[in-house]
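Subject: Structure for you, with notes

Hello,

Here is the structure I said I would pass on. My notes on the helices and a few single residues follow below it.

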Amino acid sequence: MQRRRQRPKKKHWGRRIGITLLVLVAICGLAVVFFPQLNNTMRSASGGNDTAADKAVKSTLVKQLEAHKTGNSTTDAAIDTATAAINNTKMSTLMKAAKDQSAATSMLEQNGMSTSTAQAVSSAIYNTPALDNVREKLASGDYVGAYQAVKNTADSSTLSSLATQLQPYLQ
């Protein structure tokens with residue numbers, strides 16, 4: 001009896017190369033998010049424009065703000081103003097504002113706040129010690145660290161006391 005010879009299977013090099021490239025791109029994307037230095041380098045190389053990680057962080061923040069809409073027209077208008085300001089401001093500008101109070105005041109003024117309100121808000125943010133860690137992490141571009149710092153701060157009563165302190169200015 002004669003055995004049939006099996007044809008050798010064709011190797012699909014194109015698929016293997018494509019899958020390998022896809023895995024490498026995914027690893028690089030995760031590295032940019034979890035290693036702030038890489039994201040900051042990419043931002044600097046692009047002339048201060050937002051990176052993909054910056055856009056992802058901003059869109060997540062906007063979604064979180066949108067989820068807090070109450071149906072109250074004044075509250076919803078304030079949320080819409082805040083989300084528009086977040087979308088229209090470069091992350092490099094937000095990072096500068098997290099480093100320097102005068103830059104924060106200037107950024108708030110550019111996004112439609114009056115000078116007195118912008119000064120009061122930035123002063124309240126910079127004079128609240130519980131927010132120092134959040135500002136430091138944001139200023140360095142460490143989004144994961146900033147998220148964790150916000151979670152720790154949100155658990156305390158700091159944010160509610162800050163909100164009541166700023167209520168007269170934000171109406």
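**Helix α8 and what follows it**

Just after α8, Gly141 has a positive phi of about 85°. Please keep in mind that this is a predicted model.

Helix α8 itself covers residues 132-140, and its buried residues are Val134, Arg135 and Ala139. Viewed down the helix axis, these buried residues fall within an arc of 125°, so they line one face of α8.

With neighbours within four places in sequence left aside, Arg135 is in contact with Ala98, Ile125 and Tyr126.

**Helix α2 and Arg43**

Helix α2 has Pro36, Asn39 and Arg43 as its buried residues. Down the axis of α2 they fall within an arc of 65°, so here too the buried residues line one face of the helix. On the face of α2 turned away from that buried side are the exposed residues Gln37, Thr41, Ser44 and Ala45. A glycine with positive phi comes just after this helix as well: Gly47, at about 80°.

Arg43 sits in α2, which spans residues 36-45. What is its relative accessibility, and does that make Arg43 buried or exposed? The value is 4%, so Arg43 counts as buried.

Two polar contacts involve the Arg43 side chain. One is with the side chain of Asn40, at 2.8 Å. The other joins Arg43 to the side chain of Asp54, at 2.9 Å. If neighbours within four places in sequence are set aside, the contacts of Arg43 are Gly48, Asn49, Thr51, Asp54, Met91, Ser92, Met95 and Tyr143.

**Helices α3 and α4**

How do α3 and α4 cross, and within what distance do their axes come? The axes of α3 (residues 52-66) and α4 (residues 73-88) come within 10 Å and cross at roughly 180°. The two helices are therefore roughly antiparallel to each other. On the α3 side the contact is made by Lys58, Leu61, Val62, Leu65 and Glu66. On the α4 side it is made by Ile79, Asp80, Ala82, Thr83, Ile86 and Asn87. By type, the residues of this contact are six nonpolar, two polar and three charged.

- Ala53 is in helix α3. Its relative accessible area is 8%, so Ala53 is buried. Ala53 and Leu30 lie 23 residues apart in sequence, and their C-alpha atoms are 9.0 Å apart in space.
- Ala67 is in the loop between α3 and α4. With a relative accessibility of 61%, Ala67 counts as exposed, since the cut-off for that is over 50%. Ala67 and Ile79 are separated by 12 residues in sequence and by 9.7 Å from C-alpha to C-alpha. Ile79 is also one of the α4 residues in the contact with α3.

**In brief**

α2 and α8 each have their buried residues along one face. Buried arginines are found in both, Arg43 in α2 and Arg135 in α8. α3 and α4 are roughly antiparallel, and their contact includes three charged residues.

Regards

Notes: Residues numbered from 1 in each chain as written. Predicted model: local features only at pLDDT ≥ 70, side-chain atom pairs only at ≥ 80, totals over all residues. Heavy atoms only, no water. Axes fitted to C-alpha atoms, helices over the stretch in contact; angles between N-to-C directions. Helix = DSSP H or I, 4+ residues; strand = E, 2+ residues; numbered from the N terminus. Parallel < 35°, antiparallel > 145°, perpendicular 65-115°, else oblique. Contact = heavy atoms within 4.5 Å. Nonpolar A, V, L, I, M, F, W, Y, C, P; charged D, E, K, R; others polar. Buried < 20%, exposed > 50% of the residue type's maximum accessible area, 1.4 Å probe, protein only. Polar contact = N/O pair within 3.5 Å; in protein donor to acceptor, adjacent residues only side chain to side chain. Arc of directions from axis to C-beta.
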